[in-house]
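Hi everyone, thanks for coming.

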Amino acid sequence: MLDPHLLRNDLETVAEALARRGYPLDVEHYAALESRRKELQVHTQELQNERNTRSKSIGQAKARGEDIQPLLDQVGRLGEDLKAAEGELEGVRDALEQLHWDMPNLPDGEIPDGEDERDNQEVRRWGEPTEPGFEPRDHVDLGEQGGWMDPEAATHLSGSRFTVLVGDLARLHRALAQFMLDLHIRKHDYTEIYAPYLVLPDAMRGTGQLPKFEDDAFRVDDDPARYLIPTAEVSLTNLAADRIQEAGRMPLKFVAHTPCFRREAGSYGKDTRGMIRQHQFDKVELVQICIPGESEACHESLTGHAEAVLQALELPYRTMLLCAGDMGFAARKTYDLEVWLPGQQAYREISSCSNFADFQARRMKARWRNPETGKPELVHSINGSGLAVGRALVAVMENFQQRDGSIVVPDALRSWMGGQEVLEPGR
RNA sequence: GGAGGGGUGGCAGAGCGGUUGAAUGCACCGGUCUUGAAAACCGGCAAGGGUUUGUAGCCCUUCGUGGGUUCGAAUCCCACCCCCUCCGCCA
């Protein structure tokens, strides 16, 4: 959520910034609503003031033992007028609030212009695209030929966009998650968190998945309704919701390995092959909660923590600075990490690291006490995948495949694989 | 699922329907004292919002959430949510 003061005082600037990311803000409509709100609020508060004053004097008269009836008569239809004013004000406020919930974050000033991924900027590149010296297979061929994937079973169980992993590959998948988790805990100083996979609507609203992207999430229609998390970002970031952090304890650094659930509505026909885009996938998620002045540095460091995973796994990747039009709803600035996939002869997203500044914090009332002012102020939030486990598995398979269809286990993973060095087909 | 208890400021914890935005304690901030610190003592200290050039003043809202009664609700009524204790069930 954007700062309402900014919207009031600098609407044009906000509109221009939002236009950069393709969000059309109806300035006139907003300004009209806002001035109506002001009018109604002043009026309502005047009436409330009058009611309070009169009630107070009635109380005092009664305490003195005087006759109250004349004062009661004077109150007249004040109550009805007030009720009407309050009702109207609430209507306007709801309308404004609706707009606020739906408005995306302002892009950072240094973000490149652009509409989609074609305008993203490559910031750096690590490693060279793998040259196996033979025609590389993609992970689906490798998985099925090795007997490590059972797509028919997955479809039979759950329909499209699900995966069943078997044997050594399932173990490798687990090893990847464990390796990532341990790396972040031991080397990057994150606190491991185990958190719910089902969350209330407020949590989804806090991080920005609701109300606008209801269709992207799986909802469980219990009472109350809950949502399957589309990312652990929701659970982890909301740990700071409705709280006031002590300044000395930040940045908070959380890491969790969780499954993620996405409906992938609107992506029909996209990445239908293999396990690039699934309704259910595992992810190791990094979240930092920090004071405003440190969020840029924290964002850079978190991105580095995600990159460290790729480097440890010896996977070639590039770091992309997303253009204004390609960023997610809540982000102010985002780096995507794209890993090289020999099977696709392309770089594909494997991590997205974003700085949300105070956008999520305002939604979920996540604050810290600023020792300089003594007042609670909004924190900044940052998150990133470190990494998507399913896609990391795909990347390892494709980059470490050998001519015979076997897959070499990257050095970094071997201790999590009981020392196993190669995945041999059929096991 | 059944029975009972409870949800109040950063925390703990009072609160006859009428100057209660809320006692008190802790924490925190400032001061006195001290070589310094501690202790003691004095003072300050909720959040959000409106108006405004204003971190001044004035005003509004907020005591789990949503309704209701009333001139007036933290206090009364209704519904819901959550927490705790006991019973049942269960990994």
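Glu214 is partly exposed, with a relative accessible area of 27%. Partly exposed here means between the cut-offs for buried, under 20% relative accessible area, and exposed, over 50%, using a 1.4 Å probe and protein chains only. By salt bridge I mean a side-chain nitrogen of Lys or Arg within 4 Å of a carboxyl oxygen of Asp or Glu.

A quick word on the background: this is a predicted model, where local features need pLDDT of at least 70 and side-chain atom pairs count only at pLDDT 80 or more, while totals for chains, interfaces and linings use all residues. Residues are numbered from 1 along each chain as its sequence is written, chains are lettered from A and ligands numbered from 1 in the order written, and side-chain values use heavy atoms, leaving out hydrogens and water.

So, how many salt bridges are there in the whole structure? The search finds 24.

Let's visit another one. Arg277 pairs with Glu264 in a salt bridge, at 3.3 Å between the closest N and O atoms. Both lie in the loop between strand 7 (252-261) and strand 8 (280-290), so the pair ties together parts that are 13 residues apart in sequence. Strands are DSSP runs of E, at least two residues, and helices are runs of H or I, at least four, numbered from the N terminus. Arg277 and Glu264 are both buried.

Finally, Glu122, Arg125, Arg318 and Glu338 are linked in a salt-bridge network.
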